[in-house]
Amino acid sequence: MSAVPPRHAALALTVAVVWGVNFVVIDVGLDRMPPLLFAALRFAAVALLGVAFVGRPRIGWKWVLAIGTFLSAGQFGPLFVALDNGLPAGLASLLIQLQALFTIALAVLFLGERLKPAQVAGAGVALLGLAVIATGRAETVPLGAVMLCVCAALSWGVGNVLTRMAQAPDAKALLVWSSFVPPLPLAALSFALEEPSSLTLDAAAVLSLAFVVVVSTGFGFGVWAWLLGRHSASRVAPFALLVPVVGMASGWVALGERPNAAEWAGAALVLVGLVVTVAAVTRRRRGFREASDLVHKP
């Protein structure tokens, strides 16, 4: 299989930048909207705007419900709450990438896949990096917020495995129809747990929601799915590793989230571990065209 053409590589890089910046945009939106309500509005908008452009997913509705629960509600509910409770946007963009490790572990347990030594080594390095970050951030970032982000990554991993099991022929249709699942439970939780007074529907709130729905989800996921339809996952998925790099850089520039020494060291370990893990996966899959376990949908 030939290398990704420069124009397609540029598109993949653009998506990585959009998804990295998206964490900063979410942080801005959370200053104006309660986290669970923000997540509910995001999925309601994706579902209502997208349903006019796609047909029904050609899989059982049980898969749509399960994927909407784990890949969407279970990922973004905890993630938005974590960001709202003090987790820096840049750090969140890194920690959420632990989904790759959870996906591999769950695939071993439920899909019968076999781990390669490089995958085990990469996972160990990434987890060591997470421990370094947690230790270095103990005084400034609530541990509960870190753990919520890790739970979001775990839910994403479950959603990835469910997506592989469902074998949906149209990824865009699955995205849109599974987005009908989260709004009601997230809105109900918001009504029960969040203060309506924290909602401010000003221009910044509308623009942040529009960016998350139209640019990050519509453009980002649409282009990513298009690229996966033309190139093997082994050539496209590694571009997602740029997301936390962009996320941490944009968090530093836009929000003043200056990482400390422990965070830099831990981030480097996590990225090295993820690179080793993804490289091992892509070597094993080279030559095959399949839906990526590592598709990022922030």
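**Exercise 1.** Which handedness has the crossing of α1 and α12, and which residues make the contact?

*Solution.* The model is predicted: local features need pLDDT of at least 70 and side-chain atom pairs pLDDT 80 or more, while totals for chains, interfaces and linings use all residues. Residues are numbered from 1 along each chain as its sequence is written, and side-chain values use heavy atoms, with hydrogens and water left out.

Step 1: helix α1 covers residues 6-30 and helix α12 residues 242-255; they pack at about 45° with their axes 8 Å apart. Helices here are DSSP runs (H or I, at least four residues), numbered from the N terminus. Axes are lines fitted to C-alpha atoms over the stretch in contact, and angles run from 0 to 180 degrees between N-to-C directions. The angle makes α1 oblique to α12 (under 35 degrees is roughly parallel, over 145 roughly antiparallel, 65 to 115 roughly perpendicular, the rest oblique).

Step 2: the contact (heavy atoms within 4.5 Å) involves Leu13, Ala16, Val17, Trp19, Gly20, Val21, Phe23, Val24 and Asp27 of α1. From α12 come Leu242, Val243, Val246, Gly247, Ser250, Gly251, Ala254 and Leu255.

Step 3: by class, the contact of α1 with α12 has 12 nonpolar, four polar and one charged residues (Ala, Val, Leu, Ile, Met, Phe, Trp, Tyr, Cys and Pro count as nonpolar, Asp, Glu, Lys and Arg as charged, the others, Gly among them, as polar).

**Exercise 2.** Is serine 250 buried or exposed?

*Solution.* Step 1: serine 250 is found in helix α12. Step 2: its relative accessibility is 14%, so serine 250 counts as buried (under 20% relative accessible area; exposed is over 50%, partly exposed in between, with a 1.4 Å probe and protein chains only). Step 3: leaving aside residues up to four places away in sequence, serine 250 touches Gly20, Val21, Val24 and Leu255.

**Exercise 3.** How are α1 and α10 oriented to each other?

*Solution.* Step 1: the axes of α1 and helix α10 (residues 203-228) come within 9 Å and cross at roughly 155°. Step 2: α1 and α10 are therefore roughly antiparallel. Step 3: their crossing is left-handed. Step 4: the contact includes His8, Leu11 and Trp19 of α1, and Phe211, Phe219 and Trp224 of α10. Step 5: by class, the contact of α1 with α10 has 17 nonpolar, seven polar and no charged residues.

**Exercise 4.** Why is the pair of tryptophan 177 and phenylalanine 180 tilted?

*Solution.* Step 1: the whole structure holds seven aromatic pairs (rings of Phe, Tyr and Trp, the last by its six-membered ring, with centres within 6.5 Å; planes under 30 degrees apart are stacked, over 60 edge-to-face, the rest tilted). Step 2: the ring centres of tryptophan 177 and phenylalanine 180 lie 5.5 Å apart with the planes at 40°, so the pair is tilted. Step 3: tryptophan 177 is buried at 19% relative accessible area, whereas phenylalanine 180 is partly exposed at 37%.

**Exercise 5.** Where is glutamine 167 found, and what is its phi?

*Solution.* Step 1: glutamine 167 is found in the loop between α7 (143-166) and α8 (171-178). Step 2: its phi is near 55°, a positive value in a residue other than glycine. Step 3: glutamine 167 is exposed, with a relative accessible area of 60%.

Definitions and conventions:
Helix = DSSP H or I, 4+ residues; strand = E, 2+ residues; numbered from the N terminus. Left-handed = near helix turned anticlockwise from the far one by under 90°.
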